[in-house]
Amino acid sequence: MAGKTGLDRATARRCLLTLHQAGYADHDGKFFSLTSRALRLGVGALAAMPLPQIVQPWLDQLAEQINQSCSVSILDGAEIVYVARAAQKRVMSIGLMPGSRLPAHCTSMGRVLLAALPHDQARAIIDDSDLSPRTPHTLSDPDEIMARLAQVRADGYALNDQEIELGLRSLAVPLHNSRGRVVAALNTGMAATHEAATALLTAYLSPLQKVQAGLKRML
């Protein structure tokens with residue numbers, strides 16, 4: 001950073017520590033990296049994040065394999081932020097792309113990310129969220145949402161049946177880094193059919209889990 005900005009090392013470090021204190025950077029004691037809060041400054045910050053670059057080839061291959069759109073997102077407060085996407089079929093009326101945001105409490109990726117948080121932290125986010133129903137299927141009671149998060153945590157995946165938009169189902173799994181920490185979520189979405197929503201598990205859970213395992217070695 002000192003070399004790129006022309007600042008001396010001490011000044012560059014103070015600037016980075018300020019960004020860390022403001023929530024725009026993570027600091028593990030040695031290295032700094034951007035946080036999801038930096039996305040509020042513009043989607044251009046995505047280009048500086050290694051996660052999208054790592055996951056995009058995996059997403060492209062997965063979408064081609066299962067012939068469905070696939071996405072990766074991170075949690076930013078009460079919302080998920082899309083950081084990578086491979087589109088096969090448009091099943092949502094909302095156009096999704098890196099930088100798009102959706103509420104966390106009623107999306108499959110949001111639920112696996114919330115389920116990875118400590119109970120009190122997840123509850124605080126739910127209590128601060130706008131729980132207005134998006135469809136007749138949307139869970140809007142905080143206790144019911146927390147119960148669903150507990151089930152997601154036990155299952156290791158989240159299945160969403162038309163809670164974010166009528167006619168849309170999705171299935172998500174958490175993405176872990178090599179230390180076992182959940183850093184993002186991976187999902188696939190498809191049109192709702194006459195089949196039971198649980199049919200998605202048979203068709204798509206295994207391919208998602210294979211990508212989940214492969215990315216764990218790289219993150």
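Me: How many helices and strands does the protein have?
Reply: This is a predicted model, where local features need pLDDT of at least 70, side-chain atom pairs count only at pLDDT 80 or more, and totals for chains, interfaces and linings use all residues. Residues are numbered from 1 along each chain as its sequence is written, and side-chain values use heavy atoms, leaving out hydrogens and water. Helices (H or I, at least four residues) and strands (E, at least two) are DSSP runs, numbered from the N terminus. Going by that, the protein has seven helices and eight strands.

Me: Why is the protein called as compact as a globular protein of that length?
Reply: The radius of gyration is taken over C-alpha atoms, and the globule rule is 2.2 Å times the number of residues to the power 0.38. For 219 residues the rule gives 17 Å, so the protein counts as that compact with its close value of 18 Å.

Me: What percentage of the 219 residues is buried?
Reply: Buried means under 20% relative accessible area (1.4 Å probe, protein chains only). In the protein, that share of the 219 residues is 44%.

Me: At roughly what angle do the axes of H4 and H6 cross?
Reply: Axes are lines fitted to C-alpha atoms, for helices over the stretch in contact, with angles from 0 to 180 degrees between N-to-C directions. Those of H4 (residues 108-115) and H6 (residues 142-155) come within 9 Å and cross at roughly 80°.

Me: Which residues in H6 do Arg111, Val112, Leu114 and Ala115 in H4 meet?
Reply: Contact means heavy atoms within 4.5 Å. On the H6 side, the partners are Arg148, Leu149, Val152 and Arg153.

Technical notes:
Buried < 20%, exposed > 50% of the residue type's maximum accessible area, 1.4 Å probe, protein only.
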